[in-house]
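Subject: The structure I promised you

Hi,

Here is the structure for you to look through. Please open it and keep it beside this email while you read.

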Amino acid sequence: MRGKARLEDLARERVDFRFKGLPPQAEGLTVAELADRRLNLFTDGFTTPVLALSAERLEHNLALMETYATRHGLAFAPHGKTSMAPQLFQRQIEHGAWGITLAVPHQVRVAREFGIDRIFLANELVDAAALRWLAAELNASAGFRFLCYVDSVRGVELMDAALREAGATRSVDVVVELGAGDGARTGARTEAECAAVADAVAATSTLRLAGVAGYEGEVPQADGDRVRAWLRRLVALAAGLDKAGRFAGLDEIVVSAGGSAWFDAVADVFAEIPELSAPVLKLLRSGAYVSHDDGHYRHLTPFNRVPEEGALHPAFRLWAQVVSRPTPEQAFTNAGKRDAAYDLDLPEAQVVRDARTGAVRDAAGIAVTGVSDQHGWVRTEAGTELEVGDWLGMGLSHPCTSFDKWQLIPVVEADGTVVDYVRTFF
């Protein structure tokens, strides 16, 4: 009930100065009251810059990944660090997600506050304060399923000491993380190191080895063959640990991978997992799909390689206003680094909404060339129509650094009607 009540609390939150882009006249309304008014994004007082999340495309993406995971026999724990939006976590669960993946302890606390009962922490957890909180949470809730990485004997020692000191009565399920290669991110680099970590886990009373995991997106010079080769190493690691009796007594063995660029390879290789001593939970963790994007993931999504499986749709559009037109070749908008993702690609100019007529046209001849803190730098080709006051609609690259700049995001239907607001917690 805690989760349902907290989600209802979001709808009762009062709109005020904290939430940029919303109509000033909305001050004092609850989020639910504002949503019930079904305001128009363009004509009912929203101020620029304002980030909009497409209602139709969001639903399409949620449904597509549910279908994909089901078709390939995968459990799905989408990475919640993408949005850090409990309302979207709930919709992902409603669309068949096994649980939610997260990256750091704060994110786990947010998810628990909103009732998420299955959490995969894609990191080794060695913070003693966080482990004390986790022990208390597990002790208090028999229905809470938690897993996290371990990739070092030292990490196992730190976890064990903190959990014993905290008086943990339930063991913490851990999965050995296999690194994706030399120079990659976290994870034990060799199978021998993985076995040593598994031995260290077996020597504790506070931890239980539940499976293996890793992140194929860190495979050096990744391509289909290299990624599949690493995934087969991961599967072989699971089989080897199982043969050695490391998973004795488990109801299921977890084998997990899957970012947003290679989940087709994960599906292919996980279909090859041999029969083990217990059923295998084939856990996919891709997260960027929820909004998709108009840059990085548009190019990398596996649906480009398997178009017969469907296509994700970019669901974000950032609207900014032209505030300066100093030369025929140059314009400036009022959206910059505080508003738009820019770490992988600059925003993509897509459409212009004419300030005089309200008509929307393609942004032909217009390109965003840079961002300052609060300005977008725009280059226009000769003869391009763009005036001070016009709204520029832009696609964004990298969902993870788009969500985190906005605390309350309007969910907008194709005709501009705002039907909901998504609250984030970064």
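Let's begin where two helices touch: Leu-58, Glu-59, Leu-62 and Glu-66 of α3 meet Leu-88, Arg-91, Gln-92 and Glu-94 of α4. Contact here means heavy atoms within 4.5 Å. The helices (H or I, at least four residues) and strands (E, at least two) are DSSP runs, numbered from the N terminus. Sorted by class, the residues of this contact are three nonpolar, one polar and four charged. In that sorting, Ala, Val, Leu, Ile, Met, Phe, Trp, Tyr, Cys and Pro count as nonpolar, Asp, Glu, Lys and Arg as charged, and the others, Gly among them, as polar.

Before we go on, a word on what you are looking at. This is a predicted model, in which local features need pLDDT of at least 70 and side-chain atom pairs count only at pLDDT 80 or more, while totals for chains, interfaces and linings use all residues. Residues are numbered from 1 along each chain as its sequence is written, and side-chain values use heavy atoms, with hydrogens and water left out.

Two helix pairs

How do α3 and α4 cross? The axes of α3 (residues 55–71) and α4 (residues 86–94) come within 9 Å and cross at roughly 40°. An axis is a line fitted to C-alpha atoms, for helices over the stretch in contact, and angles run from 0 to 180 degrees between N-to-C directions. The two helices are therefore oblique to each other; angles under 35 degrees count as roughly parallel, over 145 as roughly antiparallel, 65 to 115 as roughly perpendicular and the rest as oblique.

On the α9 side, the contact is made by Val-227, Arg-228, Leu-231, Arg-232, Leu-234 and Val-235. On the α10 side are Asp-264, Ala-265, Val-266, Asp-268, Val-269 and Phe-270. By class, the contact of α9 with α10 has eight nonpolar, no polar and four charged residues.

Aromatic rings

How many aromatic pairs does the whole structure hold? The search finds twelve. Rings of Phe, Tyr and Trp (its six-membered ring) pair if their centres lie within 6.5 Å; planes under 30 degrees apart count as stacked, over 60 as edge-to-face and the rest as tilted.

One of the pairs joins Tyr-68 and Phe-303, edge-to-face, at 5.6 Å centre to centre and 80° between the planes. Tyr-68 sits in α3 and Phe-303 in the loop between α11 (296–300) and β10 (316–327), 235 residues apart. Tyr-68 counts as buried because its relative accessible area is 1%; Phe-303, at 4%, is buried too. Buried means under 20% relative accessible area, exposed over 50% and partly exposed in between (1.4 Å probe, protein chains only).

Phe-76 and Tyr-289 form a tilted pair, 5.3 Å centre to centre with 50° between the planes. Phe-76 is in strand β2 (residues 75–76), and Tyr-289 is 213 residues away in the loop between β9 (280–284) and α11. Both of these residues are buried. Phe-42, Trp-319 and Trp-391 form one aromatic cluster.

In α5 (residues 105–113), the buried residues are Gln-107, Val-108, Val-110, Ala-111 and Arg-112. They pack against α1 (2–12), α4, β3 (100–102), β4 (118–124), α6 (128–140) and β5 (145–150). Gly-115, which follows α5, has a positive phi near 85°.

Phe-425 lies in the segment after β18 (418–423). Leaving aside residues up to four places away in sequence, Phe-425 touches Leu-10, Met-84, Pro-86, His-106, Val-110 and Phe-114. Phe-425 and Met-84 are 341 residues apart in sequence but 5.4 Å apart in space, C-alpha to C-alpha.

Backbone details

- The peptide bond from Thr-48 to Pro-49 is cis, with omega near -5°; Pro-49 lies in the loop between α2 (31–36) and β1 (50–54).
- Gln-221, in the loop between β7 (207–213) and α9, has a positive phi near 50° although it is not glycine. Gln-221 is exposed, at 65% relative accessibility.
- His-398, in the loop between β16 (391–395) and α12 (400–403), has a positive phi near 80°. His-398 is buried, at 13% relative accessibility.

Happy exploring!
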